[in-house]
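Keep the viewer open as you read.

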Amino acid sequence: MSEDSRDLSHAQRASLLLLAVGQDRAAAVLKHMGPKEVQLVGSTMAQLGPISSNMVDDVLEEFIIEIKNETGLGLDSDEYIRNMLTKALGAEKAGSIIDRILLGGNSKGIEQLKWMDTRSIADLIRLEHPQIISIILSLLDADQAAEVLTLLPQNMRSDILMRIATLEGVQPAALRELDDIMEKQLSGSEGAKSSQIGGIDAAANILNFIESSIGEPMMQDISENNADLAQRIQDKMFVFSDLINVDDRGIQTLLREVSTDQLLLALRSVDPALKDKIFANMSRRAAEMLRDDLEAAPPVRLSEVEAAQKDILSIAKRLADSGEIALGGGGGDEFV
């Protein structure tokens, strides 16, 4: 492998591969990807720097080797899908969607929500039963669900989040009914295994993407109704300050995916120890420039700082789901 392709991220390799196969083939591939993946690949394509012939050759060769080693011909399809998703997404993230894919059937209606803007989703579901809303939000990506939740009436938010946190599963028949007719209350039961959606992790992930001015009152409401549940959600949350528990290699991997502008905003008013950790994992020149920019930067709104931190947390979670970094905090054990 050539030196110039060795440091390419997975997203950059995928983008380079799609650029290499031509527009028609790339378009055919993108049709089978979700909105988040399309957005990631598209933005990565736009940001790719100079591409050498060696880089293209390396990526194509690596792809061909993977295809030869990972063919699904002759294998049980369900088992192949489980293994493929687990390898691609990591056990934790894959586990939350495998049963939904294998048991939920052709859920095109629910999947279509992921392509809608959050205001439209909120308008569509705001009059539904809170349990239906909680299931729908559990099926969305955490950041999208967080935006939808903040657009719902304030008196509904805490109840919906509690329902998400206590949701243990939904029968396949109910998922199909929800997919076909959003207006009807879920019903029906089959002997098949329930799809594992919702739960403490889902509630915590959604809260991670909600501004503190909105999230804190919600947590207060939940704590007043169920203190144990509130504590369990809190223990699962991963906030920006928890990056202090990520090892140096993980921080370096994360910084390769984060823009300087994002970092400049996100490091406002954070603990000096976290700043020092970030600086220590940058080149000396880059760290000095960032320090100078922080000192000279004019005041900004807290909401802008929180938005930048949430963007970086989203990148960190994506890297953690793909196994590239390990996130600390969130109630896990600490090294002393």
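Begin with Gln-309, which you will find in helix α21. Keep in mind that the model is a predicted one. Is Gln-309 buried or exposed? Its relative accessible area is 16%, and because buried means under 20%, Gln-309 counts as buried. Leaving aside residues up to four places away in sequence, Gln-309 touches Phe-240, Ala-266, Arg-268 and Val-270.

Rolling a probe the size of a water molecule over the atoms shows where empty space is left. Searching the whole structure this way turns up two cavities of 30 Å³ or more. The second largest cavity has a volume of about 30 Å³, and Phe-240 is one of the residues lining it. By class, the lining has eight nonpolar residues, with no polar and no charged ones.

Now compare that with an open space. The second largest pocket has a volume of about 380 Å³. It is lined by 17 residues, and those closest to its centre are Ile-210, Ser-212, Met-237, Val-239 and Lys-310. Which helices supply at least two residues each to this lining? They include α14, α15 (212-225) and α21 (302-321). The class make-up of the pocket lining is eight nonpolar, five polar and four charged residues.

Helix α14 also leads us to a helix pair. Two packed helices are described by the angle between their axes and the distance between the axes. Helix α12 (residues 154-166) packs with helix α14 (residues 200-208) at an angle of about 140 degrees, and their axes are 6 Å apart. That angle makes α12 oblique to α14. On the α12 side, Leu-161, Ile-164 and Ala-165 make the contact, while α14 contributes Ile-200, Ala-202, Ala-203, Ile-206 and Leu-207. Sorted by class, this contact has eight nonpolar residues and no polar or charged ones.

For a last stop, look at helix α18 (residues 260-266), where Leu-264 lies. Along the chain, Leu-264 and Asp-293 are 29 residues apart, and their C-alpha atoms are separated by 7.4 Å. Not counting residues up to four places away in sequence, Leu-264 touches Leu-290, Asp-293 and Leu-294.

Definitions and conventions
Residues numbered from 1 in each chain as written. Predicted model: local features only at pLDDT ≥ 70, side-chain atom pairs only at ≥ 80, totals over all residues. Heavy atoms only, no water. Axes fitted to C-alpha atoms, helices over the stretch in contact; angles between N-to-C directions. Helix = DSSP H or I, 4+ residues; strand = E, 2+ residues; numbered from the N terminus. Parallel < 35°, antiparallel > 145°, perpendicular 65-115°, else oblique. Contact = heavy atoms within 4.5 Å. Nonpolar A, V, L, I, M, F, W, Y, C, P; charged D, E, K, R; others polar. 1 Å grid on protein atoms, 1.4 Å probe; cavity = no way out; pocket = protein on both sides within 12 Å on 5 of 7 lines; lining within 4 Å. Points joined across faces, edges and corners; volume = space filled by probe spheres on them. Buried < 20%, exposed > 50% of the residue type's maximum accessible area, 1.4 Å probe, protein only.
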